[in-house]
Amino acid sequence: MKLSGLHLLLTYQCNLECDHCFVWGSPWQSGTMTLKNIREILQQAKDLRTLEWIYFEGGEPFLYYATLLRGVQVAARLGFQVGIVSNGYWATDIQDALEWLRPFVGLVQDLSVSSDSYHWSAKLSEQAKNACAAAGKLGIPMGIINIEEPNETDTASTLGQLPTGESPVMYRGRAAEKLASKIPHCPWTKFSACTHEDLREPGRVHVDPFGNVHICQGISLGNLFQRPLNTLCRTYDPGSHPITGPLLAGGPAELVRRYKLPHEERYADACHLCYEARQTLRKRFPEILNPDQMYEVREAP
Ligand code: SF4
């Protein structure tokens with residue numbers, strides 16, 4: 001596995017609780033990286049020698065502003081290109097957004113702000129407009145992430161015919177519970193491939209505050225606080241991994257067949273079937289299908 005990008009889920013917490021979120025971001029969620037965690041992860045990232053990009057995301061990374069800023073500074077000092085993904089809640093006004101963003105000038109090469117009807121009342125939110133204007137003035141490259149809303153009659157999102165700039169909902173995580181019922185379903189046997197992640201040769205993976213390295217959210221390749229990232233990458237065998245093996249052999253439908261899982265007759269998309277199958281398998285593979293935060297909101301004890 002030759003990774004070029006590592007995405008740090010700086011926190012599972014978010015000020016919002018969007019229906020389409022596939023990591024169950026929530027104000028009530030627990031799990032946030034410390035600076036010590038971040039330094040260790042970035043050092044392991046450096047040791048890998050193939051990584052070019054480090055992304056900070058969540059949850060909402062700007063909730064832990066000082067930790068985010070220092071993490072970005074360390075990543076830039078180590079020579080990485082740096083990106084941040086945010087919902088832009090902090091951009092209440094252009095002048096204020098300038099203050100929030102100014103410390104990142106010269107350190108961040110990609111700021112992605114989510115703006116759609118899940119996050120805000122308008123498709124292009126005032127926050128996104130303010131963040132865009134401030135980023136433009138400061139010379140920080142910025143893009144908007146827009147997730148199209150599903151509806152009962154339009155299957156464009158599942159057929160890949162959305163207007164340019166819009167992305168479909170993927171029905172995993174909270175989206176599986178909250179939104180899957182809103183679109184037409186297809187027979188489960190149709191979902192014979194994972195269409196959204198390269199499970200054989202991933203270019204990027206996510207690491208969460210507990211050290212889990214996710215090839216897709218909720219499918220762990222191991223814990224980098226227990227085994228270094230370069231060992232996890234070197235020893236990853238996609239075909240023999242208990243979850244990616246079946247997914248590569250025949251998609252989520254094969255996951256169901258391989259483990260003889262109970263199932264409905266129809267699902268919204270491949271991720272919906274995959275997510276429901278994994279929920280059923282969690283007790284059997286607790287080290288792989290974790291942490292709980294990827295499968296529900298886990299309040300701090
Ligand atoms: S099918 Fe499963 S592994 Fe593939 S992108 Fe969807 S949830 Fe992830």
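This is a predicted model: local features need pLDDT of at least 70, side-chain atom pairs count only at pLDDT 80 or more; totals for chains, interfaces and linings use all residues.
**Helix packing and the ligand shell**

The crossing of helices α3 and α4 is right-handed. Two packed helices are described by the angle between their axes and the distance between the axes. Here, the axes of α3 (residues 94–101) and α4 (residues 126–138) come within 8 Å and cross at roughly 55°.

On the α3 side, the contact is made by Ile94, Ala97, Leu98 and Leu101. Helix α4 contributes Asn130, Ala131, Ala133, Ala134, Ala135, Lys137 and Leu138. Sorted by class, the residues of this contact are nine nonpolar, one polar and one charged.

The ligand has its own set of surrounding residues: Arg172, Cys194, His196, Glu197, Cys216, Ile219, Leu247, Pro252, Ala270, Cys271, Cys274 and Tyr275. Two or more residues of this shell come from each of α8 (244–258) and α9 (270–281). The largest share, four residues, is supplied by α9. By class, the shell holds nine nonpolar, one polar and two charged residues.

As a whole, the protein has nine helices and eleven strands. Its radius of gyration is 19 Å, close to the 19 Å that the globule rule gives for 301 residues, so the protein is as compact as a globular protein of that length. Taken along the principal axes, the box filled by the C-alpha atoms is roughly 55 × 45 × 40 Å.

How values were computed: Residues are numbered from 1 along each chain as its sequence is written. Axes are lines fitted to C-alpha atoms, for helices over the stretch in contact, and angles run from 0 to 180 degrees between N-to-C directions. A crossing is left-handed if the near helix is turned anticlockwise from the far one by less than a right angle, and right-handed if clockwise. Two residues are in contact if their C-beta atoms, placed from the backbone, lie within 7 Å. Ala, Val, Leu, Ile, Met, Phe, Trp, Tyr, Cys and Pro count as nonpolar, Asp, Glu, Lys and Arg as charged, and the others, Gly among them, as polar. A residue is near a molecule or strand if its C-beta atom, placed from the backbone, lies within 6 Å of it. The radius of gyration is taken over C-alpha atoms; the globule rule is 2.2 Å times the number of residues to the power 0.38.
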